[in-house]
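Visitor: Could you walk me through this structure? I have it open, but I am new to it.

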Amino acid sequence: MSRLHIPFKYQLLIPMVVILVGVMIFPLAYSFLLSLQDYQFTKIGQQKFIGVENYITLFSNKSYWTAMRNTIVFVIVAVALEVVLGFCLALLLHNKATFLRGFFRSTLLSPMFITPIAVGLMFRFLLNSQLGVIPIALKSIGIQVDWFGPRQALFSIALIDVWQWTPFMLLLLLAGLESLPEEPFEAARVDGAEGWKMVRYITLPLMRPIILAATVIRMLDAFKVYEYVYAITRGGPGDATETIQYNIYRVGFIYFRAGEASAMSYTLIVVITIMVIALFYVLRGEAQSR
Amino acid sequence: MSYVIRKRIMSVITSIILIVALLIVFFPYFWTLLASFKNEAAINHPLDFNFTPTLVSWQAVVSAGIPRQALNSLIVGLVTVGISLAAGSLAAFAFSRFNVGGNPARFLVLLAQMLPPSVLIVPLFLIVYHTKLIGSIWAAVISHLTYILPLVTWFLIGFFDDVPRELEEAARVDGCNDWQALFKIVLPAVRPGLGAAGLFAFVLSWNDMFYALLLTSGDQRTLPVGIAGYWTFRGVEMGQMSAAIILAIVPMIILSFFVQRFLLRGLGGGAIKG
């Protein structure tokens, strides 16, 4: 037989490569082409090539930069809170003396498994100024917060993210704590360290790469925030909660400007790639130190 | 203060913090469940607990589009996960055993899984538009493969790393070829990994709204899209929305208890060589 022989190890990859070329590589290339055209969903078949004009107009596009800024503020606030809360909870659940450890562990993780649109709608309901139980209960003790007002809305959305994704942080950090070697802790205990000192001088330095990796993974995911915005504010009030993923959705599917949306998504790919490179090096460093 | 007393106090504080955390996690579920049994008047008075429970919302939801949408989500999830497990397990085995493509290949798998859906939605929309799949659940399957297949592949690498090479070599001595050794010896050995990857991938497919919102329509919509439809600028059906939310999240919370144990092995460990 004169058939071309493909080694076994490459044969294994054929199905995945074929599928990913179809659903990912080809769309990405197509999207790059679109980003160089004046292409509108309302006028399919009438596109014209305009070079990098879509990219240039992005620089002066105010709503794009507002969305970028909102997204970055959101990611920093949400992920910082998630790291701190997740780490504290992980420390408590790592302690073998903690009461009902397994029960708390599996129930506290549940928010990360449910659909974000449901989370968004549940909190829209809970925090609604007319029929939400939280504002009404707060009002009865004299506190008034307009959760989705212009100043508060982005922060409220970040808190919703904290509710849903602190469990994920907890999961990663708890696993990290369980993988740490025993010896440094034994040695420190002999030297008389305990409590906070132990955490500060032994646990935190040992956990550094794991915390870093978990942070980057969460940041990458938080960049995609969309469902809460869709469920609650649709970018408003004004542009207070316009995030980048929502902005791309708006330009592409509300304004039908597919070319411009493609150009925006390519700038996002650059940001995401840089973050994944960072994550990759952190993970590799961890693998090497093991 | 003696050591014992201090320890006691610490464990009481720990329990209090964990109970508060548990209340914060469960309150939204509880409130949504409660609202699904309230009529509209009772929903408008959240602090009045003296209401008569009603099944009106549940009846409305069950006789509306929700069962069909749940079925759509189920089909999309099963098909996506089936394809991803078939293609992803072979690829993960290649990465684990032969380190094909080295770290750059693993990097690409990680990057593929991290790409935001907004990056792919415009071209995917046009592709399913031109292939006449727009609006159908198959458009959702295609879009879900973009993140589920890389995720399953990434997830399984660590599980394949754990299979001792001697098992395969023994199979080969017994006269198996490469494919037979893989199917008869290696794949059965990673069954827990395949199960966990499949369940977790199913959860992620079931939970997607972004792709499904833009690519499916009419009676082909998936459950998250259906839920979003209960609270729009056109009108609000709070009780029905609450019942639909409960239907969408409870199965996933139950599934999560089976996945949790394996999640870490899949998400991080062994995926990158030093």
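Visitor: How far apart are the centres of domain 1 and domain 2 of chain B?

Guide: In this predicted model, the centres of domain 1 of chain B and domain 2 of chain B, taken over C-alpha atoms, are separated by 33 Å. Domain 1 covers 3-36 and domain 2 covers 64-267, with bounds that come from an automatic or database domain assignment.

Visitor: Before we go on, how are things numbered, and what is counted?

Guide: Residues are numbered from 1 along each chain as its sequence is written, while chains are lettered from A and ligands numbered from 1 in the order in which they are written. Since you are looking at a predicted model, local features need pLDDT of at least 70 and side-chain atom pairs count only at pLDDT 80 or more, whereas totals for chains, interfaces and linings use all residues.

Visitor: How many residues of the two domains are in contact?

Guide: Four residues of domain 1 of chain B are in contact with six residues of domain 2 of chain B, where contact means that the C-beta atoms, placed from the backbone, lie within 7 Å. On the domain 1 side, two of the touching residues are nonpolar, two are polar and none is charged; here Ala, Val, Leu, Ile, Met, Phe, Trp, Tyr, Cys and Pro count as nonpolar, Asp, Glu, Lys and Arg as charged, and the others, Gly among them, as polar.

Visitor: And what is chain B built from, helices or strands?

Guide: Chain B has both, with 13 helices and two strands, which are DSSP runs numbered from the N terminus (H or I, at least four residues, for helices; E, at least two, for strands).

Visitor: Why is chain B called more spread out than a compact globule?

Guide: Its radius of gyration is 24 Å, well over the 19 Å that the globule rule gives for 274 residues, so chain B is more spread out than a compact globule. That radius is taken over C-alpha atoms, and the rule is 2.2 Å times the number of residues to the power 0.38. Along its principal axes, the C-alpha trace of chain B spans about 75 × 75 × 35 Å.

Visitor: I clicked on B:V250. Where is that one found?

Guide: B:V250 sits in helix 13 of chain B, residues 238-267.

Visitor: Which residues have the most contacts inside the largest nonpolar core?

Guide: They are A:A118, A:L121, B:I227 and B:A244, in a core of 164 residues. Such a core is a set of buried Ala, Val, Leu, Ile, Met, Phe, Trp, Tyr and Cys residues joined through C-beta atoms within 7 Å. Helix 7 of chain B (residues 137-161) gives the most to this core, with 17 residues.

Visitor: What does A:L121 touch?

Guide: Leaving aside neighbours within four places in sequence, A:L121 is in contact with A:A231, B:I227, B:W231, B:M241 and B:I245.

Visitor: How many residues does each chain bring to the contact between them?

Guide: Chain A brings 72 residues and chain B brings 70. On the chain A side, the largest share, 14 residues, comes from helix 13 of chain A (residues 258-289), and by class that side has 53 nonpolar, 14 polar and five charged residues.

Methods
Buried ≥ 20, exposed ≤ 12 C-beta atoms within 10 Å, placed from the backbone.
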